[in-house]
Amino acid sequence: MSDAFLQVRDLKVHFPIRTGGILIGEYTPLKAVDGVSFDLNPGETLGVVGESGCGKSTLGRAVLQLIGATDGVVSWLGTDLTSLNKKELIAARENLQIVFQDPLASLDPRMTAGDIIAEPLRNYRPTLSKAERRKMVEDMMERVGLLPRMINRYPHEFSGGQCQRIGIARAMILRPKLVICDEPVSALDVSIQAQVVNLLMDLQRDFGLALLFISHDLAIVRHISHRVLVLYLGKVMELADKAALYATPRHPYTQALLSAVPIPDPTKERNKDRILLTGDLPSPLNPPTGCVFRTRCGKATELCASQTPELERAGDGQDVACHHWKD
Amino acid sequence: MSDAPMNERRSGANLSVPNADALDKAADVEGRSLWQDAFRRLQANRAAMISAIVLIVLAFICFVGPAFVPWSYEEIDWDILEATPPNFETGHYLGTDSLGRDLLARILQGGQVSFLVGILATSVALVIGVAVGATAGFMGGRVDQFLMRFVDVMYAVPLMFFIIILMVVFGRNFYLMFLAIGFVEWLTMSRIVRGQTLTLKNKEFIEAARASGGSTASIILRHIVPNVLGVVIVYVTLTIPQVILLESFLSFLGLGVQPPMTSWGALIAEGAQEMEITPRTLILPAVCLSTTLFCFNFLGDGLRDALDPKDR
Amino acid sequence: MTSVLEIDGLTVSFSTPDGDVSAVSDVSLSVEAGECLGLVGESGSGKSQTFMAAMGLLADNGTATGEIRLDGIDLLSANEKKLNTLRGERIAMIFQDPMTSLTPHMKIGRQLSEVLIEHQKVDARTGRARALDMLNRVHIPEAERRLDMYPHELSGGLRQRVMIAMALMCEPEVIVADEPTTALDVTVQAQILDLLAEVKDNLDAAIVLITHDLGVVAGLADRVAVMYAGRIVEQGTVGDIFALPAHPYTQGLLACTPRLDVETEALVTISGQPPNLQNLPSGCSFHPRCKYVVDQCKSERPALEAMDNGHIRACFRPHVEVAQ
């Protein structure tokens with residue numbers, strides 16, 4: 001696998017959480033991401049889905065090394081990002097960018113749209129003249145559907161969808177090779193979501209980007225992704241090609257997730273079989289032994305409690321971590 | 001995770017967010033920054049605007065006025081040598097003090113000192129406080145621990161004790177007093193800035209700046225400092241009167257400016273000794289000082305309302 | 001069937017430093033007992049404010065005019081005391097975020113029984129028993145133990161169940177659920193939607209479901225009203241709205257929602273930005289974003305016109321041309 005683009009191997013991010021102790025704290029590791037592996041190819045979109053607390057945002061930030069990894073390898077074009085020092089990391093990030101969930105909060109309120117979009121240029125292309133920089137910013141604004149004459153406006157003067165376009169322009173201005181999209185549309189109105197999703201797909205096609213698309217919305221992930229990774233309590237439940245995952249979900253959790261999404265069609269919505277999960281997400285500080293999903297799983301047996309299932313091939317381009325996927 | 005497009009419940013504020021449609025139509029290229037917005041709100045606040053004007057006029061009179069007064073603040077009118085009521089023939093428009101010095105000249109000179117102390121000492125506090133607070137807040141960890149424990153220790157040292165020691169070691173020096181007061185006032189400033197920085201640090205735009213390849217120093221300068229500035233400005237306008245008051249207090253105790261130089265605090269101290277005979281010598285500087293403090297506080301309140309983050 | 005709650009010509013406006021803003025304009029709605037009305041719209045469409053006005057919970061700078069009648073009683077002219085007896089007892093609300101709408105320092109049992117003790121003057125013991133009964137009815141496991149817990153000790157899903165239990169305590173005639181599942185994860189959302197469906201089947205209460213999620217509406221509502229820029233643009237039975245949407249905005253919304261059940265090639269979009277309430281377009285507020293816009297739309301505002309089956313819409317274009 002020497003031609004690998006992005007390879008993530010057994011990535012772990014644990015946060016020490018103080019759980020007791022009076023003067024000297026006792027700490028328990030919160031395993032936000034616990035042994036995640038995947039590959040990403042150039043021009044490909046990998047959707048990462050899961051519920052809140054499953055570690056999907058942490059995973060995205062760990063790939064960029066905005067959050068340090070506890071263990072594991074994030075190999076980018078053959079270099080392990082986790083082993084780089086601060087300077088090397090800043091240099092490597094030129095090709096790795098991120099789009100955030102909250103469009104307004106991710107823009108500095110005291111900077112103009114133009115300055116915000118130009119910031120990566122200022123850091124990575126310091127030799128550019130002011131006029132060249134402005135030209136690039138205006139071109140990029142036009143590309144993401146903003147009027148270049150709004151270059152001197154401030155974030156609070158834009159609507160949510162436009163703010164997200166500014167965030168996207170900032171991420172794209174260096175023409176990166178990989179962009180992490182952390183719930184980029186979930187704070188937007190329905191009618192604006194579609195615009196932003198289409199914009200991302202256009203940019204991906206034009207620039208040949210790879211996207212790591214993190215979302216809790218399975219319908220949007222279905223639309224945008226080539227492959228989908230299902231996370232639960234920091235572990236991969238299923239990793240499959242889109243078509244396989246949505247047509248024949250193998251993991252009980254994936255099945256439950258898919259059946260839980262409401263469909264905007266009264267007849268279908270009222271007649272479909274819903275797999276209702278019982279209970280809530282267990283505390284990530286104290287995850288179940290064996291398979292982390294077993295406490296809410298209808299198929300759980302004693303085997304699930306004692307042995308952690310490994311990802312295994314369940315079909316063409318479909319890997320599942322479940323002891324009972326064949327049942 | 002919420003996918004609700006903004007909570008509508010508190011719509012009052014939400015609705016006032018200017019929005020795209022209006023933008024599309026207005027063809028002007030210039031944006032309106034938060035600073036400009038705040039300034040507009042401040043202009044609408046009459047009390048704050050009047051206070052600002054009064055302060056500017058007062059400061060102007062204090063610094064320019066002495067050139068038009070026939071007597072200087074240290075000159076003793078040997079013909080009088082006692083407190084006299086206002087007399088236009090001798091040129092003592094507000095009378096003289098007990099040594100026969102011109103009261104108007106002394107009040108103007110005292111004003112200069114009070115304003116200077118207020119501004120210089122606060123600037124000292126501002127520079128140290130912002131630097132320490134922003135560094136501690138942004139770096140976190142050990143740097144934060146060390147700096148903040150140092151601040152705690154400084155807080156524990158009694159102010160008077162600190163100033164008296166400084167005076168003893170370095171002698172009585174006009175500028176030393178600015179430094180001494182500044183060194184005391186930066187503590188609170190650093191704590192405020194650190195708190196603001198901590199909340200800012202977790203904002204997504206800081207993370208975005210890191211992802212855009214910004215170094216720590218550039219993030220602090222480009223993103224943290226401009227965003228804490230609003231709070232800092234409010235605190236500065238509220239610190240200036242505190243400092244002026246502190247200087248008056250020191251002068252009242254005899255630790256402040258040395259005669260024949262004077263400040264409003266020192267004038268009040270002198271006047272207080274003779275308030276039964278010539279209440280004028282107490283009331284006039286006291287009115288000047290109170291007006292100044294009052295105006296600074298009003299302006300500070302106005303600025304706080306104008307820069308209030310909840311309107312963002 | 002008669003309507004329990006009737007809203008007639010409701011207008012809600014807020015005074016802001018930059019002038020008055022109408023969040024809701026001339027909205028008329030009614031809900032019958034045992035019926036679920038879905039109110040759909042994006043942020044700023046006024047869907048929440050309509051019922052905040054009905055509950056007397058508008059922000060301080062808001063004023064409501066028009067009429068809101070609960071079983072003949074005008075809520076807008078009612079004084080605070082009267083409203084207090086109506087709220088909770090006859091009209092109850094379920095909020096989006098259960099954490100902020102439950103009092104953090106009060107035990108669950110007490111919060112639930114408080115309503116009863118206040119409104120029906122029962123003693124603490126009966127209150128507690130009824131609270132326990134209600135927690136069981138909303139399927140909270142180990143209900144007995146939960147009575148003595150504080151809100152922060154419960155998960156988001158359980159808290160939302162407690163909120164629903166609280167709304168049901170006095171068996172109100174109208175339940176207003178404002179984005180009840182938006183803050184929840186999909187699997188938990190499915191549980192709560194199931195519970196709401198059960199509540200709807202077993203009780204004779206009128207339910208108003210305010211949401212931006214068309215899927216949620218499709219599963220629960222009997223009738224649907226679509227709001228845009230403070231006005232109702234279309235209203236009809238759930239079947240009609242989803243199968244034969246008659247307003248371009250409704251059609252656009254349905255088309256631009258990515259679906260799990262069908263493979264979509266390219267997402268259809270509604271162009272442009274959501275309207276600015278401070279500076280609404282002339283004529284039909286939707287015209288700058290509408291595919292079918294004609295000159296008339298820019299100068300005149302279309303009135304709501306009736307079609308068959310109680311289906312109404314506000315659009316000038318002939319229905320056939322628009323529905324495809």
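The model is predicted, with local features needing pLDDT of at least 70 and side-chain atom pairs counting only at pLDDT 80 or more, while totals for chains, interfaces and linings use all residues. Residues are numbered from 1 along each chain as its sequence is written, chains are lettered from A in the order in which they are written, and side-chain values use heavy atoms, without hydrogens and water.

Q: Why are α10(B) and α12(B) called roughly antiparallel?
A: Helix α10 (residues 216–253) of chain B packs against helix α12 (residues 280–307) of chain B at about 165 degrees, the axes being 8 Å apart. Angles over 145 degrees count as roughly antiparallel, so α10(B) is roughly antiparallel to α12(B).

Q: What makes α3(A) and α5(A) roughly parallel?
A: The axes of helix α3 (residues 113–124) of chain A and helix α5 (residues 160–172) of chain A cross at roughly 30 degrees and come within 7 Å. Angles under 35 degrees count as roughly parallel, and α3(A) and α5(A) are therefore roughly parallel to each other.

Q: Which residues of α3(A) and α5(A) meet?
A: A:Ala113, A:Ile116, A:Ile117 and A:Pro120 of α3(A) meet A:Ile166, A:Ala169 and A:Arg170 of α5(A), contact being heavy atoms within 4.5 Å.

Q: Why is the pair C:Asp261 and A:Lys268 called a salt bridge?
A: The closest N and O atoms of C:Asp261 and A:Lys268 are 2.9 Å apart. A salt bridge requires a side-chain nitrogen of Lys or Arg within 4 Å of a carboxyl oxygen of Asp or Glu, so the pair qualifies. The count between chain A and chain C is 3 salt bridges.

Definitions and conventions
Axes are lines fitted to C-alpha atoms, for helices over the stretch in contact, and angles run from 0 to 180 degrees between N-to-C directions. Helices (H or I, at least four residues) and strands (E, at least two) are DSSP runs, numbered from the N terminus. Angles under 35 degrees count as roughly parallel, over 145 as roughly antiparallel, 65 to 115 as roughly perpendicular and the rest as oblique.
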